[in-house]
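Subject: Structure handover and findings

Hello,

Here is the structure I promised to pass on. Please open it first, then read my notes below.

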Amino acid sequence: MCGIVGIVTSGANGVALPPESVGLAMNAAITHRGPDDDGFFRDSQALLGMRRLSIIDLGGGHQPIHNEDKSVQTVFNGEIYNYKDLRDELEKAGHSFYTHSDTEVIVHGYEQWGERVFEHLEGMFGIAIWDIKKKKLLLARDRFGEKPLFYSDDGSRIVFASELKSLLEVPGFRTDIDLESVRGYVAFGYVP
């Protein structure tokens, strides 16, 4: 099943990243999604966590997964069906892999194609990519929404997770109900 969590701050208005204990609590809230492994990354602006149910590359697929110089970090929930073909293409383009995991094609695919990496992925996924050099977060979910990805952006930080209860572990996370979103959901079956 797997699950991902994270917080990224803009650094604006003096909003600092919360302590590592908050990220660990977010990750602990979804332990049931990945009993085999957990991983954690933190720098001055980003905190990424992951719970893993090991399916592909049982021994080497520990996340977060990074590129060669560790400037791109990713956590991923799901499966990329065409990862072997993508890996071959990326290796021919000069990328070096250190795992046999489908997750690593996301990192190198981002380096190769930028935000268009998602056009190349066939599968079901919830993905967070943190580009340290560009100070840029990309969040993506598969086209049919098979893998959950909840997020909140308050203008100074983005918090995200595979389950809402992880977001409740973040100090100051607002739980107000947006009535316009409720109306949209009742009318259309989704939030426009």
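Helices (H or I, at least four residues) and strands (E, at least two) are DSSP runs here, numbered from the N terminus. This is a predicted model, so local features need pLDDT of at least 70, side-chain atom pairs count only at pLDDT 80 or more, and totals for chains, interfaces and linings use all residues. Residues are numbered from 1 along each chain as its sequence is written, and side-chain values use heavy atoms, with hydrogens and water left out.

**Two loop lysines**

Lys-70 sits in the loop between strand S4 (65-66) and strand S5 (72-80). Its phi is positive, about 65°, although Lys-70 is not a glycine. Lys-135 is in the loop between strand S6 (123-131) and strand S7 (136-141). Lys-135 also has a positive phi, near 55°, and is a residue other than glycine. Lys-135 is partly exposed, because its relative accessible area is 41%.

**Glu-68**

Glu-68 belongs to the loop between S4 and S5. At 42% relative accessible area, Glu-68 is partly exposed. Contact means heavy atoms within 4.5 Å. Leaving aside residues up to four places away in sequence, Glu-68 touches His-95, Ser-96, His-108 and Glu-111. Glu-68 and His-108 are 40 residues apart in sequence, and 8.9 Å apart in space, C-alpha to C-alpha.

Glu-68 also makes a polar contact. That term means a pair of N or O atoms within 3.5 Å; within protein, one must be able to donate a hydrogen and the other to accept it, and residues adjacent in sequence count only if both atoms are side-chain atoms. The side chain of Glu-68 reaches the backbone nitrogen of Ser-96 at 2.8 Å.

**Helix H3**

How many residues of helix H3 (residues 103-113) are buried? Nine of its eleven are, and the helix is mostly covered. The buried residues include His-108, Tyr-110 and Trp-113. What covers the buried residues of H3 includes S4, S5, helix H2 (83-92), helix H4 (117-120), S6 and S7. Gly-114 follows H3, and its phi is positive, near 65°.

**Gln-45**

Gln-45 is in the loop between strand S2 (37-42) and strand S3 (46-52). Gln-45 counts as buried, because its relative accessibility is 15%. A polar atom of its side chain lies 2.7 Å from the backbone oxygen of Thr-9. Beyond residues up to four places away in sequence, Gln-45 touches Ile-7, Val-8, Thr-9, Ser-10, Gly-11, Leu-17, Trp-130 and Lys-135.

**Aromatic pairs**

Rings of Phe, Tyr and Trp (its six-membered ring) pair if their centres lie within 6.5 Å; planes under 30 degrees apart count as stacked, over 60 as edge-to-face and the rest as tilted. By this rule there are two aromatic pairs. Phe-118 and Phe-125 form a stacked pair, 6.5 Å centre to centre with 25° between the planes. Phe-118 is buried at 16% relative accessibility. Phe-125 is buried too, at 1%. The rings of Phe-188 and Tyr-190 have centres 6.0 Å apart and planes at 40°, so this pair is tilted. Phe-188 is exposed, at 54%, and Tyr-190 is partly exposed, at 48%.

**The largest pocket**

On a 1 Å grid over the protein atoms alone, a pocket is an open set of points where a 1.4 Å probe fits, with protein on both sides within 12 Å along at least five of seven lines; lining residues have an atom within 4 Å of a point. The largest pocket is lined by 22 residues. Which of them lie nearest its centre? They are Tyr-151, Leu-164, Phe-173, Asp-176 and Asp-178. Strand S8 (150-153), strand S9 (157-161), helix H5 (164-167) and helix H6 (179-188) each give two or more residues to the lining. S8 provides the largest share, four residues.

**The start of the chain**

Met-1 is in the segment before strand S1 (3-9). Met-1 is partly exposed, with a relative accessible area of 43%. Not counting residues up to four places away in sequence, Met-1 touches Arg-33, Leu-53, Asn-77 and Lys-147. Met-1 and Phe-188 are 187 residues apart in sequence and 28 Å apart in space, C-alpha to C-alpha.

Best wishes

Key: Buried means under 20% relative accessible area, exposed over 50%, partly exposed in between (1.4 Å probe, protein chains only).
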